[in-house]
Each structure stands twice: as C-alpha cells, then as structure tokens.
Amino acid sequence: MKSGKELHEELRQRILSLSGVTERQECGIHEDAFFIGRTMFMHIHGHGHCDIRLSKDDQERVLAEGKARPHRWAPEQGYVTFIARDETDFEPAMELIRMSHHHFSANRQQKTEHEIER
C-alpha cells in the first residue's frame, strides 16, 4: 500500500499528463493548483482531497449520482469534492478530472477560435 505522499505524487503526475495542464504549487490556499491557460480547473488540499470544477450540468449529474460531494465553499462555481484515499480511488478521481479538463479545454479552444475570427 502506498503512503499518502506517494498517492499524492501519483495523482499529480496523472493530472499533469493531461494536455495543456500546468501546475502552480502553493497557489493561495491550495497546495497544488492545476490550470488550463489561466483557468484553474482543479486543486488539491492535502493528500488526495481534490476540488474539481465542472460545468453546471456535469456538477448536478455527478452530485446526483453520488460520484462526488458538494464543495464546501464554492459550489456556485461548479466545484465538487472527491477524496482519493487509496489507489482504487484514482480512476474515479481521474474520470471527474478528465471531465473538467475536457470542459475547460473546449472552452479555451472556442475562445481562441473566436479571437482568430476577429
């Protein structure tokens, strides 16, 4: 069984392997914050405590299906909370993270295309 620090590092590496993702450590109150362009799409507090920002529709569906918990402080921003306690939680966490990544990557692509059209 991996230690909390090992789990945290593996989760970070999986997130960073997604296209266009950058990381800022110690970003405000977040231990590790992950961005697509200038948009933070998720952050980690401590070992495995993931706050993931989703579209409103995805947020509602994920919460209704019990795949995540409501975020304590910013649910209106689309955030949900998922706690990855061990290796079996990686894939469910990554499912939510990929959903967020897809949403914010698509939004960024649309903005870029709109700027080119100008």
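## Close-up views of a predicted model

View 1. Leaving aside its neighbours within four places in sequence, M42 is in contact with I15, A33, F34, C50, D51, I52 and I97, where contact means heavy atoms within 4.5 Å. This is a predicted model, in which local features need pLDDT of at least 70 and side-chain atom pairs count only at pLDDT 80 or more, while totals for chains, interfaces and linings use all residues. Residues are numbered from 1 along each chain as its sequence is written, and side-chain values use heavy atoms, with hydrogens and water left out.

**View 2. The nonpolar cores.** A nonpolar core is a set of buried Ala, Val, Leu, Ile, Met, Phe, Trp, Tyr and Cys residues joined through side-chain atoms within 4.5 Å, and buried means under 20% relative accessible area, with exposed over 50% and partly exposed in between (1.4 Å probe, protein chains only). The largest nonpolar core has 25 residues, and those with the most contacts inside it are L11, I15, F41, M42, I52 and I97. The elements that give two or more residues to this core are α1, β2 (30-36), β3, β4, β6 and α3, and its largest share, seven residues, comes from α3. A second, separate core of five residues includes A33, F35, A74 and Y79.

**View 3. The overall order of helices and strands.** The protein has three helices and six strands, which are DSSP runs numbered from the N terminus (helices are H or I with at least four residues, strands are E with at least two). Read along the sequence, they follow the pattern α-β-β-β-β-α-β-β-α. Buried residues make up 39% of the 118 residues in the protein.

**View 4. Helix α1 and its buried side.** The 13 residues of helix α1 (residues 4-16) should span 18 Å at 1.5 Å a residue, and the end C-alpha atoms of α1 are 18 Å apart, which agrees; the expected span is 1.5 Å times one less than the number of residues. In α1, the residues L7, H8, L11, R12 and I15 are buried. They cover an arc of only 135° around the axis, which puts them on the same side of α1, the arc being that of the directions from the helix axis to the C-beta atoms.

View 5. Two strands pair if DSSP finds at least two bridges between them. Strand β3 (residues 39-45) has five of its seven residues buried, so it is largely enclosed by the rest of the structure. β3 pairs with strand β4 (residues 49-53) in the antiparallel sense over four bridges, and the bridge partner of H43 in β4 is D51. The hairpin of β3 and β4 has three residues between the strands, and G46 takes a positive phi near 65° there. Five bridges join β4 to β6, which run antiparallel, with H49 standing opposite I83 in β6. Strand β5 (residues 69-70) is also joined to β6 by two bridges, again antiparallel, and here R69 stands opposite T81. Strand β6 (residues 79-83) is mostly covered, with four of its five residues buried.

**View 6. The surroundings of H101.** H101 has its place in helix α3 (residues 90-117), and at 10% relative accessibility H101 counts as buried. The side chain of H101 reaches the backbone oxygen of S19 at 2.7 Å. Leaving aside neighbours within four places in sequence, H101 is in contact with L18, S19, V21, I36 and F41.

Key: A polar contact is a pair of N or O atoms within 3.5 Å; within protein, one must be able to donate a hydrogen and the other to accept it, and residues adjacent in sequence count only if both atoms are side-chain atoms.
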